[in-house]
Amino acid sequence: MTVLVPILGDQLSHALASLQGCAKNDTIVLMMEVAEEATHVRHHKAKIALIFSAMRHFAAELRADGWQVDYIGLDDPENSNSFTGEVIRAAQRHAPRLIRVVEPGDWRVEQAMLDWQTFTPCPVEILPDSRFLCSRDEFAGWAAGRKELRMEFFYREMRRRTGLLMDGKDPVGGKWNYDAENRSGPPPGLKGPPLPSFAPDGITAEVIDLVEAHFADHFGALDRFNWPVTAGEAELAASAFLAERLPTFGQWQDAMVRGQDFLFHAVLSPAINLGLLDPIDLCRRAEAEYRAGRAPLAAVEGFIRQLIGWREYIRGVYWLEMPGLAEDNFLEANRPLPDFYWTGQTDMACLADCVRTTRDNAYAHHIQRLMVLGNFALLAGIKPQEVADWFLVVYADAFDWAELPNVAGMALFADGGRLASKPYAASGAYIDRMSTYCGSCRYKVKLKTGPDACPFNSLYWHFLDRNAAKLSRNMRLANPYATWRRMDESKRAEYLASAEAFLQQLQPADAGWSRQHQEERSPC
């Protein structure tokens with residue numbers, strides 16, 4: 001009797017805990033392309049293609065390494081189109097003595113996984129995901145008794161644990177965080193080096209055809225597909241980043257340039273989240289670039305903070321706060337998602353460009369996501385569940401554990417401040433300072449109200465006014481609220497009327513994109 005090892009699409013690592021200690025001649029690896037996972041929200045075409053192609057390449061690597069792989073393709077006529085259904089069928093085919101699997105990154109999938117024992121005659125062993133530095137239990141222990149979960153303090157613990165950028169007990173350079181040095185707006189003509197090119201091979205080309213055939217009505221384009229789909233390709237992408245973009249990554253990481261979709265960003269998060277790259281190894285290599293004098297401390301510290309700080313922290317928050325986090329709506333925001341989040345058809349240049357790169361690449365960098373797309377949703381009072389579903393659909397690196405806390409907690413303050421100390425609300429002045437969008441926009445960022453004024457300006461004050469009962473006591477918002485109270489009453493009325501006029505003309509997105517609608521449809 002064998003051991004059955006299901007490997008999910010974001011667990012594509014040869015060092016996966018469920019493979020360790022297993023004998024290749026006594027183990028069946030089960031990999032499954034299931035429609036349920038591609039359609040519980042209508043994922044971006046390029047995201048589905050990336051995951052399926054990476055899965056197929058990983059299965060080929062396992063077979064070449066001597067593992068027995070039972071691979072269920074989407075077109076398999078017997079495919080049940082769910083993880084649970086495929087595990088049941090595999091258990092019937094192979095009669096394993098044990099099912100051994102690594103915990104998933106999605107609360108919904110874990111609930112299904114916990115029921116596998118009910119449907120199979122053998123034990124089901126669910127292992128912690130050792131690819132993360134901090135386990136779920138360890139994070140829960142760190143969070144116990146804390147009223148607020150601030151990433152900075154968690155990050156320092158991870159620095160001490162790993163020794164990254166440490167001189168004995170002290171941080172290199174005398175400071176833990178160099179974020180203040182990484183906030184430069186773009187100078188004229190700022191361009192980043194091109195990303196490495198990964199032309200689709202036969203496997204990827206076949207998957208792209210499959211996606212176009214089965215998911216033609218999903219959001220996004222496939223004609224610019226350029227994601228690494230193997231560990232080898234991901235390594236080439238990582239090496240290129242460390243050599244070509246890391247030195248200037250920090251200074252320009254918050255900058256936004258119209259038509260420059262990647263600038264100096266790593267664009268490695270999809271490969272990391274799939275398991276094709278080891279984040280701790282990347283951190284050590286980035287530190288080596290600083291130690292060798294090839295990259296400045298601020299850039300390297302910022303990169304390392306994203307991986308062992310923010311990434312680990314967000315995962316911990318997700319599992320600590322679920323399932324309630326998915327329904328949180330502290331600010332009682334209930335406006336439907338605007339249609340332009342799908343079409344890009346808006347006169348707001350910043351939003352149009354962010355939706356364009358999202359559609360074309362299944363990618364936008366963190367400031368585009370937080371301070372343009374997320375900021376607008378916050379100011380306009382868009383329902384958190386619709387915003388979170390949109391982010392989960394459109395980005396190649398968006399898995400529930402990574403996406404939901406960022407959207408609900410960081411962008412929308414839907415958790416009431418457990419994650420962020422204040423809402424990340426900003427007017428058009430921030431976007432003007434950090435981007436090239438405003439110069440070519442139909443709206444005028446210097447105008448505060450009226451039909452030609454940047455909508456972010458009036459929406460900012462509208463947001464503060466309608467949420468005053470819940471936010472005015474927040475000390476980090478004391479100055480904006482003091483400014484609002486000092487305004488002439490007629491000026492406040494002008495801001496509110498301008499915002500209301502703009503909000504009333506927003507067109508809601510088609511209900512077919514909602515998670516509820518997808519759950520009512522057949523997964524096929």
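This briefing covers a helix pair, one further helix and a loop histidine. The model is predicted, with local features needing pLDDT of at least 70 and side-chain atom pairs counting only at pLDDT 80 or more, while totals for chains, interfaces and linings use all residues. Residues are numbered from 1 along each chain as its sequence is written, and side-chain values use heavy atoms, leaving out hydrogens and water.

**Helices α15 and α19**
- Helix α15 (residues 366-380) and helix α19 (residues 455-466) have axes that come within 8 Å and cross at roughly 50 degrees.
- Contact (heavy atoms within 4.5 Å) is made by Val372, Asn375, Phe376, Leu378, Leu379 and Ala380 of α15 with Phe456, Leu459, Tyr460, Phe463 and Arg466 of α19.

**Helix α7**
- Helix α7 (residues 151-162) has 12 residues and spans 16 Å from first C-alpha to last, close to the 16 Å expected at 1.5 Å a residue; the expected span is 1.5 Å times one less than the number of residues.
- Its buried residues (under 20% relative accessible area, 1.4 Å probe, protein chains only) are Met151, Glu152, Phe154, Tyr155, Met158, Arg159 and Thr162.
- These residues cover an arc of only 160 degrees around the axis, so they lie on the same side of α7; the arc is that of the directions from the helix axis to the C-beta atoms.
- The buried residues of α7 pack against α6 (136-143), β6 (166-167), β7 (170-171), α11 (279-291) and α12 (297-321).
- Glycine 163 follows α7 and has a positive phi, near 75 degrees.

**Histidine 218**
- Histidine 218 sits in the loop between α8 (202-214) and α9 (231-252).
- Histidine 218 is buried, with a relative accessible area of 6%.

Conventions. Axes are lines fitted to C-alpha atoms, for helices over the stretch in contact, and angles run from 0 to 180 degrees between N-to-C directions. Helices (H or I, at least four residues) and strands (E, at least two) are DSSP runs, numbered from the N terminus. Buried means under 20% relative accessible area, exposed over 50%, partly exposed in between (1.4 Å probe, protein chains only).
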